Amino acid sequence: MFHVKLPGQDAMARGADEKLVSRRIKLPKRIVEHPLRQVAKRLLMALFVLFLTVFIVWLDRDGYHDNANETVDLLDCFYYATVTLSTTGYGDIVPYSDSARLINIMLITPLRVLFLIILVGTTLEVLTERTREEWRLKRWRKNLREHTVVVGFGTKGRSALQTLLATGLSKEQVVVVDPSAKVIDMANAEGFTGVVGDATRSDVLLRAELQKARQVVIATQRDDTAVLVTLTARQLNRGAKIVAAVREEENAPLLRQSGADAVITSASAAGRLLGLSVLSPSAGTVMEDLIQQGSGLDLIERPVRKAEVGKSVREADDLVVNVLRGHRLLPYDDPHASPLQLTDRLISIVRAVPPTSPRTTLGPAE
């Protein structure tokens, strides 16, 4: 039996003060104007319509009749404009001349409609926005499949996403899960869909549509959290590729037993890179270059091309490091690695190309 160590504070548990935040899906939002500024604009527009109505009535005040004193002054103009635009219409001040009635038909009535639109515009906009968000969410659920779920949007999660994006993964095919609403807002700002909630709960992962995902990246800071997330993810999706990171190397076997296809020991990997850099700074630079996808040299996996079938590993087009044959990973100098077979996959070192340029080594076999 393996014992899970609990080192440090976890990014997945940093949302303890946000437990009351409802678990929800947040799609990337389009840039909109600040709500207070929108309200201020609507208020200024309403005041403009009101004063314009007062001005129109004041110019033709002789065509109006006040039942109280038969004369219409400036205060009466404001009063008439207010009750008219709000459709109250007490009837104590009425237009009686033909010009006043024509102005009411041609100008005052359209201004009344415009005033009402401005007043209810905010409510209509809220309802429209809610309807639009629900429609976007339904369309997102319907179209999302074979996507990537990233649990934890800390340093490791961001770095993993940068590598995946450098290989051609689109942001629309990524769902970030994190218990912190602020972190999900940051993910939304970068163009990713986010789910607020504890990823150890199956209902949260179901909101991320993990049952339809192609791959899952678990980048938590606590090893026990990674184990629970891995167990839950594997239960929901038997076929997804799950890659998890742990701090302590002794917890890696437990992650594999929980269903992880690959386990990366972050502390040990960083320590080995530090040691290699001490022994040979140039070798450390090369290793760091290989880890950083999209610049310098890249380490990739690709299928064997038809032209390479039957050749030795050294005769391949790229610098082959390993040959993946079935479930066996053969080093390049293994006698069984050559000749290459059509079903083999090669782990190769290639020169990085810009993301906009198609990488031929990643394409299907010719």
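**A first look**

Tutor: The chain's secondary structure comes to 10 helices and 13 strands, where helices (H or I, at least four residues) and strands (E, at least two) are DSSP runs numbered from the N terminus. This is a predicted model, where local features need pLDDT of at least 70, side-chain atom pairs count only at pLDDT 80 or more, and totals for chains, interfaces and linings use all residues. Residues are numbered from 1 along each chain as its sequence is written, and side-chain values use heavy atoms, leaving out hydrogens and water.

Student: How far apart are the end C-alpha atoms of helix H7, and what span should its 14 residues have?

Tutor: The expected span of a helix is 1.5 Å times one less than its number of residues. For H7, residues 223-236, that should give 20 Å, and the distance between its end C-alpha atoms agrees: 20 Å.

Student: How many of the residues of H7 are buried?

Tutor: Buried means under 20% relative accessible area, with exposed over 50% and partly exposed in between (1.4 Å probe, protein chains only). Those buried in H7 include Asp223, Val227 and Arg234. They pack against several elements, among them strand S4 (148-151) and helix H8 (252-258). H7 is mostly covered, and the count of buried residues out of 14 is 10.

Student: Is Glu209 buried or exposed?

Tutor: Glu209 sits in the loop between H6 and S7. Leaving aside residues up to four places away in sequence, Glu209 touches Trp140, Arg141, Leu144 and His147, with contact meaning heavy atoms within 4.5 Å. Its relative accessible area is 6%, so Glu209 is buried.
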